[in-house]
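Subject: Structure handover

Hi,

Here is the structure for you to look over. My notes follow below it.

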Amino acid sequence: MKKYMLAFSLPMLVSLLSAVQVYAHGVDNEDAELIAREGSFYEKMFDFLWLGTKHMLTGYDHLLFILGIVFLLANFRDVVKYISYFTIGHSITLIIATLAGITFNYYIVDAIIGLSVLYKGYDNLFDAKTKFKIPFDMKWIIFAFGLVHGFGLSTRLQALHLPENNLFAYIMSFNVGVEIGQIIVLAVFVWALNYYRKHQSFNHFKIYANQGLIGAGVFLFLVGIINAILN
């Protein structure tokens, strides 16, 4: 009994921590002021670059999914391969949706992103592809979730009053900022995981950490759905 209580304690803790963070995620007044302020073309390019980097570094839903992707990848080439599919996916929808002005209820998008976190945690523990006989290779599943994450980034970005002039350049700068933030996060995650992978306790950590991803994914999904209904 104690074993099962311990197994569920980490997901509960992650959910509680997420509850504190969830309302701070996304576009805040500081971001809006940054984009609205006057400046030269190059100053605005830097503003969007910084905004993209900041959004990735503080975007706990994106961070959790990235952690799920690399959790079991000990080979650097595999990390590059799978993260590349995620990067291509979120870059496509971020750029196209923002340029085309395609929007959707961002709470629903957040709920789907929550499902992506849940799925990756479950997959790391139980090999979801094999268990449910999913016909697609994991890299294409990650690519598909990348499209959703990119749409989430676009939806948040479009909540700002974006300038009409040089919009494509600013979107590209924002996307580069997202990639910079992603590289920083990956460097920390991959180093920490590879270091800890050598310890005997890693197998226990893997179970609890991925249960934490599942718990966080469920929480993010429920919050997204509830907010979509209430708003």
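The side chains of Ser116 and His149 are joined by a polar contact of 3.0 Å. This is a predicted model, so please read that distance as computed from predicted coordinates.

Ser116 sits in helix 6, which covers residues 106-126. Is Ser116 buried or exposed? Its relative accessibility is 0%, and buried means under 20%, so Ser116 counts as buried. Setting aside neighbours within four places in sequence, Ser116 touches Phe65, Phe145 and His149.

Now the fold as a whole. The chain has 10 helices and 0 strands. Read from the N terminus, the order is α-α-α-α-α-α-α-α-α-α. The chain has 231 residues, and 46% of them count as buried. Take the contacts between residues at least 6 apart in sequence: 83% of these join residues at least 24 apart. The accessible surface of the chain is about 12700 Å². Carbon and sulfur atoms account for 68% of that surface.

Next, helix 3. This helix runs over residues 41-58 and has 18 residues. From first C-alpha to last, helix 3 reaches 26 Å, close to the 26 Å expected at 1.5 Å a residue. Which residues of helix 3 are buried? They are Lys44, Asp47, Phe48, Leu51, Gly52, Thr53, Lys54, His55 and Met56. An α-helix has 3.6 residues a turn, so residues three or four places apart point the same way. Among the buried residues of helix 3 are Lys44, Phe48 and Leu51. The cover over the buried residues of helix 3 includes helix 2 (29-36), helix 4 (60-70), helix 8 (138-158) and helix 9 (167-196).

Last, the surface. Leu57, Val176, Ile180, Ile184 and Val188 form a nonpolar patch there. Together they have about 380 Å² of accessible area. Which helix gives the most to this patch? Helix 9 does, with 4 residues. One of the patch residues is Val176, and Val176 lies in helix 9. Its relative accessible area is 42%, so Val176 is partly exposed: patch residues need over 30%, and exposed would mean over 50%.

Best regards

Note on methods: Residues are numbered from 1 along each chain as its sequence is written. This is a predicted model: local features need pLDDT of at least 70, side-chain atom pairs count only at pLDDT 80 or more; totals for chains, interfaces and linings use all residues. Side-chain values use heavy atoms; hydrogens and water are left out. Helices (H or I, at least four residues) and strands (E, at least two) are DSSP runs, numbered from the N terminus. Buried means under 20% relative accessible area, exposed over 50%, partly exposed in between (1.4 Å probe, protein chains only). Contact means heavy atoms within 4.5 Å. Accessible areas come from the Shrake-Rupley method with a 1.4 Å probe; for residues, only the protein chains shown count as cover. The expected span of a helix is 1.5 Å times one less than its number of residues. A polar contact is a pair of N or O atoms within 3.5 Å; within protein, one must be able to donate a hydrogen and the other to accept it, and residues adjacent in sequence count only if both atoms are side-chain atoms. Patches are made of residues with over 30% relative accessible area and no salt bridge: like charges are joined within 9 Å, nonpolar side chains (Val, Leu, Ile, Met, Phe, Trp, Tyr) within 5 Å. A salt bridge is a side-chain nitrogen of Lys or Arg within 4 Å of a carboxyl oxygen of Asp or Glu.
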